[in-house]
Amino acid sequence: MALLPIVTYNDSVLREKTEKIDENSESLQTLIDDMFETMYNSSGVGLAAPQIGESIQLFVVDADAIPDEIDEPNEGPLVFINPVIIETSGEEVRMEEGCLSIPDVRDDVLRPLNVRIEFFDRDLKKQEREFTGWMSRVIQHEFDHLQGVLFLDYLSAFRRRLHRSALKKIDKGLLETEYPLAPKKQGNVT
Ligand code: NI
């Protein structure tokens, strides 16, 4: 297993359209293990493949480490391959989000309470599940990564401006984190 450096918000790979995964392989399984290790090392609850520089439809989630959500079922580590959101439902809920690719920036995002999602698990078995609450939140955030969407995109221009200096710092590679970040590449998008 290996720790993978995490790419930060201004890297173009976070904005690309991701490719479908069409077969299981040893390298896919290793990548999944490495993504879990990388996520746990950075105390994250979800990690999408573009965040480690792979433009493919894969994300991992382990969102049980939130003590005030113990009323929700304990799912443990989950792997989502080629996910498709079938529907969202329930009220729009405001909840604070952060992102390992946008360290030190947190803000409230409105999202629907429930999500029904079709995906392939790590054995490439097809699944269809409905999630609610915190799990649903994390899954919607990670799913967005596969569409090139970041939680910042939901913020008003005013809220984004409040984060401008923090974002600049990330962009210049000046931010210190407790987990490894990928070196900045040319060809940034904003
Ligand atoms: Ni994120």
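Arg-161 is found in helix α3, which spans residues 157-162; helices (H or I, at least four residues) and strands (E, at least two) are DSSP runs numbered from the N terminus. The model is predicted, so local features require pLDDT of at least 70 and side-chain atom pairs count only at pLDDT 80 or more, whereas totals for chains, interfaces and linings use all residues. Residues are numbered from 1 along each chain as its sequence is written, and side-chain values use heavy atoms, with hydrogens and water left out.

**Positive surface patch**

With a relative accessibility of 47%, Arg-161 counts as partly exposed; the class lies between buried (under 20% relative accessible area) and exposed (over 50%), with a 1.4 Å probe and protein chains only. Together with Arg-164, Lys-168 and Lys-172, Arg-161 forms a positive surface patch. Patch residues have over 30% relative accessible area and no salt bridge, with like charges joined within 9 Å and nonpolar side chains (Val, Leu, Ile, Met, Phe, Trp, Tyr) within 5 Å.

**Nickel site**

The nickel ion has three named protein donors: SG of Cys-99, NE2 of His-141 and NE2 of His-145, at 2.1 to 2.2 Å from the ion. Donors are N, O and S atoms within 2.8 Å of the metal (3.2 Å for Na, K and Ca), and sites may look incomplete because water is not among the atoms. Along the chain, the donors of the nickel ion follow the spacing C-x41-H-x3-H. Both histidines belong to helix α2 (residues 133-146), where His-141 and His-145 are four residues apart, about one turn of the helix. His-141 is buried, at 7% relative accessible area, and His-145 is likewise buried, at 1%.

**Salt bridges**

The whole structure contains 12 salt bridges, each defined by a side-chain nitrogen of Lys or Arg within 4 Å of a carboxyl oxygen of Asp or Glu. One of them joins Arg-15 to Asp-153, with the closest N and O atoms 2.8 Å apart. This pair links distant parts of the chain, since Arg-15 lies in the segment before α1 (26-41) and Asp-153 in the loop between α2 and α3, 138 residues apart.

Another salt bridge connects Arg-129 and Glu-75, whose closest N and O atoms are 2.7 Å apart. Arg-129 belongs to strand β5 (residues 126-131) and Glu-75 to the loop between β2 (58-61) and β3 (78-97), so the pair ties together parts that are 54 residues apart in sequence.

Glu-96 and Arg-106 also form a salt bridge, with a separation of 2.9 Å between the closest N and O atoms. Because Glu-96 lies in strand β3 and Arg-106 in the loop between β3 and β4 (107-120), this pair ties together parts that are 10 residues apart in sequence. Elsewhere, salt bridges that share partners unite Glu-97, Arg-111, Arg-137 and Asp-144 in one network.

| Residue | Relative accessible area | Class |
|---|---|---|
| Arg-15 | 29% | partly exposed |
| Asp-153 | 33% | partly exposed |
| Arg-129 | 26% | partly exposed |
| Glu-75 | 21% | partly exposed |
| Glu-96 | 43% | partly exposed |
| Arg-106 | 46% | partly exposed |

Asp-104 is exposed, with a relative accessible area of 66%, and has a positive phi of about 75 degrees although it is not a glycine. In space, the C-alpha atom of Asp-104 is 7.3 Å from that of Ala-166, although the two residues are 62 apart in sequence. Ala-166 is placed in helix α4 and counts as partly exposed, at 24% relative accessibility.

His-163 is located in the loop between α3 and α4 (164-171). With a relative accessible area of 11%, His-163 is buried.

**A further residue with positive phi**

Ser-43 also has a positive phi, near 55 degrees, and is a residue other than glycine. Its place is in the loop between α1 and β1 (46-48). Ser-43 counts as exposed, at 67% relative accessibility.

Note on methods:
Areas by Shrake-Rupley, 256 points an atom, 1.4 Å probe, with all protein chains shown as cover. Lys, Arg positive; Asp, Glu negative; His and termini not counted. Charge placed at Lys NZ, Arg CZ, Asp CG, Glu CD.
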